[in-house]
Amino acid sequence: MGVQSAVAGLITEAEQQVRDGAWDLTPADRALALGAAAGLEEAVGDPPPEDPLPDIERLAHLREALAALAIALARTHGRLAWFLAACIEALTPVLHWRALPPGDGPDFDTVQPAQEQLADAEDAVRRLAAVLARIGA
């Protein structure tokens, strides 16, 4: 299962909880969701119109997105924390990717992602940013 598919499942569950009233969003939840959305948007942003960024920059942006989620997670509890933690877990393949070829020594079991995997993760982050912005609104 790709990153985007995993995040999509979490988004569906979160939106259902909000619709069903199981997740009562506090003003603090909403503010944190907006802040996390802004952090994700800043990290990944819109896809480039034609030429994608070099893989090393794309990977750095994805790691920045993970950092934004981790910072938001550290500042909350309850359902929002559970949602953010699950999204971080869905994005963990990013932590096993490298943009550089292996050197002379061990590479800590990292792998070079395919272009499709990078795009999948970037799209998942964009979708997550949009959902967090809606939650915060």
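What follows is a short chat about the predicted model above.

Visitor: What should I know before I look?
Guide: This is a predicted model, where local features need pLDDT of at least 70, side-chain atom pairs count only at pLDDT 80 or more, and totals for chains, interfaces and linings use all residues. Residues are numbered from 1 along each chain as its sequence is written, and side-chain values use heavy atoms, with hydrogens and water left out.

Visitor: How many helices and strands are there in the chain?
Guide: The chain has five helices and zero strands. Along the sequence the pattern reads α-α-α-α-α. Helices (H or I, at least four residues) and strands (E, at least two) are DSSP runs, numbered from the N terminus.

Visitor: What is the radius of gyration of the chain?
Guide: The radius of gyration is 16 Å, close to the 14 Å that the globule rule gives for 137 residues, so the chain is as compact as a globular protein of that length. That radius is taken over C-alpha atoms, and the globule rule is 2.2 Å times the number of residues to the power 0.38. The C-alpha trace spans about 55 × 35 × 25 Å along its principal axes.

Visitor: What share of the residues counts as buried?
Guide: Of the 137 residues, 39% count as buried. Buried means under 20% relative accessible area, exposed means over 50%, and partly exposed is in between (1.4 Å probe, protein chains only).

Visitor: Which residues of α2 are buried?
Guide: D29, L32, A33, A36, A37, L40, A43 and V44 are buried. Seen down the axis of α2, these buried residues fall within an arc of 140°, so they line one face of the helix. The arc is that of the directions from the helix axis to the C-beta atoms.

Visitor: Why would residues a few places apart point the same way?
Guide: An α-helix has 3.6 residues a turn, so residues three or four places apart point the same way.

Visitor: What is on the face turned away from the buried side of α2?
Guide: The exposed residues P27, A28 and E42 are there.

Visitor: And what covers the buried residues of α2?
Guide: The cover includes α3 (55–74), α4 (78–90) and α5 (115–136).

Visitor: What about α3?
Guide: Its 20 residues should span 28 Å at 1.5 Å a residue, and the end C-alpha atoms of α3 are 29 Å apart, which agrees. Among the buried residues of α3 are R58, L62 and L69. What covers the buried residues of α3 includes α2, α4 and α5.

Visitor: How many residues has the largest nonpolar core?
Guide: The largest nonpolar core has 39 residues. Those with the most contacts inside it are L40, L62, L69, F83, L128 and L132. The largest share, nine residues, comes from α5. A nonpolar core is a set of buried Ala, Val, Leu, Ile, Met, Phe, Trp, Tyr and Cys residues joined through side-chain atoms within 4.5 Å.

Visitor: What does L69 touch?
Guide: Leaving out residues up to four places away in sequence, L69 touches L40, L84, C87, I88, L91, L128 and L132. Contact means heavy atoms within 4.5 Å.

Visitor: New topic. Where is R98?
Guide: R98 is in the loop between α4 and α5. At 16% relative accessibility, R98 counts as buried. A polar atom of the R98 side chain lies 2.3 Å from the backbone oxygen of T110. Not counting residues up to four places away in sequence, R98 touches several residues, including L59, R63 and D107.

Visitor: Is D109 buried or exposed?
Guide: D109 is exposed, with a relative accessible area of 69%. D109 also lies in the loop between α4 and α5. Its phi is near 60°, a positive value in a residue other than glycine.

Visitor: Last one: where is L25 found?
Guide: L25 is found in the loop between α1 and α2. L25 is buried, with a relative accessible area of 11%. Not counting residues up to four places away in sequence, L25 touches V18, R30 and I135. The C-alpha atoms of L25 and R134 are separated by 12 Å, though these residues are 109 residues apart along the chain.

Note on methods:
A polar contact is a pair of N or O atoms within 3.5 Å; within protein, one must be able to donate a hydrogen and the other to accept it, and residues adjacent in sequence count only if both atoms are side-chain atoms. The expected span of a helix is 1.5 Å times one less than its number of residues.
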